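Here are my notes for your first read of this model. Keep the structure open and check each point as you go.

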Amino acid sequence: DPVGFEGSQLQFMACPGPGERSNTRCTDTCFGKTYDKRLIGREFETMEEVKKGHQLVQWYGSKEWFEARNIKRSDVGTVDYPVPRRRIAANKKPAQPSKKLEMTQEENLGKENIGNNSNIEIPQN
């Protein structure tokens, strides 16, 4: 819990919304032991230049976290405190909703490049 540690920014980092992108990421540099009673943590770094007044944002890693709490994800950037917008390649079509295919482990066995995943997302054409 970074609260109470002067200079800590993680306590204020929101998750970017659907039209935004992260500008930070965690590294593999950790300090302290998992169950240590003293300070432990992980190093974060920016992935691009962050202009003064812009927000630091970190992807929380799961759309399901929001869905489980019945929270609608929305963009967090404001006019006064912007967040980087999601990039769209010039030759790329806008993202299509995906449909989820459920597969049993037996159906999954022997499929190349699928591994042990039981849920596979296939983009709709």
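**Notes on the model**

1. **A surface patch.** Tyr60, Trp65 and Ile71 make up a nonpolar patch on the surface, and together they have about 300 Å² of accessible area. Keep in mind that this model is predicted. Tyr60 sits in the loop between strand E2 (41-46) and helix H1 (63-68). Tyr60 counts as partly exposed because its relative accessibility is 45%. Trp65 is partly exposed too, at 36%.

2. **The overall layout.** How many helices and strands are in the chain? There are two helices and four strands. From the N terminus on, their order is β-β-α-β-α-β. The chain has 125 residues, and buried residues make up 17% of them.

3. **Aromatic pairs.** Searching the whole structure gives three aromatic pairs. One of them joins Tyr60 and Trp65: the ring centres are 6.4 Å apart and the planes stand at 90°, so this pair is edge-to-face. The rings of Trp65 and Phe66 also pair, with centres 5.1 Å apart and planes at 80°, so they are edge-to-face as well. A plane angle over 60 degrees is what counts as edge-to-face.

4. **Around Phe66.** Is Phe66 buried or exposed? Phe66 counts as buried, because its relative accessibility is 10% and the limit for buried is under 20%. Arg73 lies over the face of Phe66, at 5.8 Å from the ring centre.

5. Asn70 is not a glycine, yet its phi is positive, at about 55°. Asn70 belongs to the loop between H1 and strand E3 (98-102). Asn70 is exposed, with a relative accessible area of 73%.

6. **Cysteines.** A disulfide is a covalent bond between the sulfur atoms of two cysteines. The search of the whole structure finds zero disulfides. The cut-off is within 2.5 Å. Cys15 is buried, at 6% relative accessibility.

7. **Salt bridges across the chain.** The whole structure has five salt bridges. In one of them, Arg21 meets Glu48, with the closest N and O atoms 3.0 Å apart. This pair links distant parts of the chain: Arg21 is in the segment before strand E1 (24-31), Glu48 is in the loop between E2 and H1, and they are 27 residues apart. Glu48 is partly exposed, with a relative accessible area of 24%.

8. **A bridge between two strands.** Asp28 and Arg42 form a salt bridge through their side chains, at 3.7 Å from N to O. Asp28 is in strand E1 and Arg42 in strand E2, 14 residues apart. Asp28 is exposed, with a relative accessible area of 73%. Arg42 counts as partly exposed at 39%.

9. **A bridge within a loop.** The side chains of Asp75 and Arg85 meet in a salt bridge of 3.0 Å, N to O. Both Asp75 and Arg85 are in the loop between H1 and E3, ten residues apart. Asp75 is partly exposed at 33%, and Arg85 is partly exposed at 48%. Elsewhere, salt bridges that share partners join Arg21, Glu48 and Arg87 into one network.

How values were computed. Residues numbered from 1 in each chain as written. Predicted model: local features only at pLDDT ≥ 70, side-chain atom pairs only at ≥ 80, totals over all residues. Heavy atoms only, no water. Buried < 20%, exposed > 50% of the residue type's maximum accessible area, 1.4 Å probe, protein only. Patch = residues over 30% accessible without salt bridge, like charges linked within 9 Å, V, L, I, M, F, W, Y side chains within 5 Å. Areas by Shrake-Rupley, 256 points an atom, 1.4 Å probe, with all protein chains shown as cover. Salt bridge = Lys/Arg side-chain N within 4 Å of Asp/Glu carboxyl O. Phe/Tyr/Trp six-rings, centres within 6.5 Å; stacked < 30°, edge-to-face > 60°. Lys NZ or Arg CZ within 6 Å of the ring centre and 35° of its normal.
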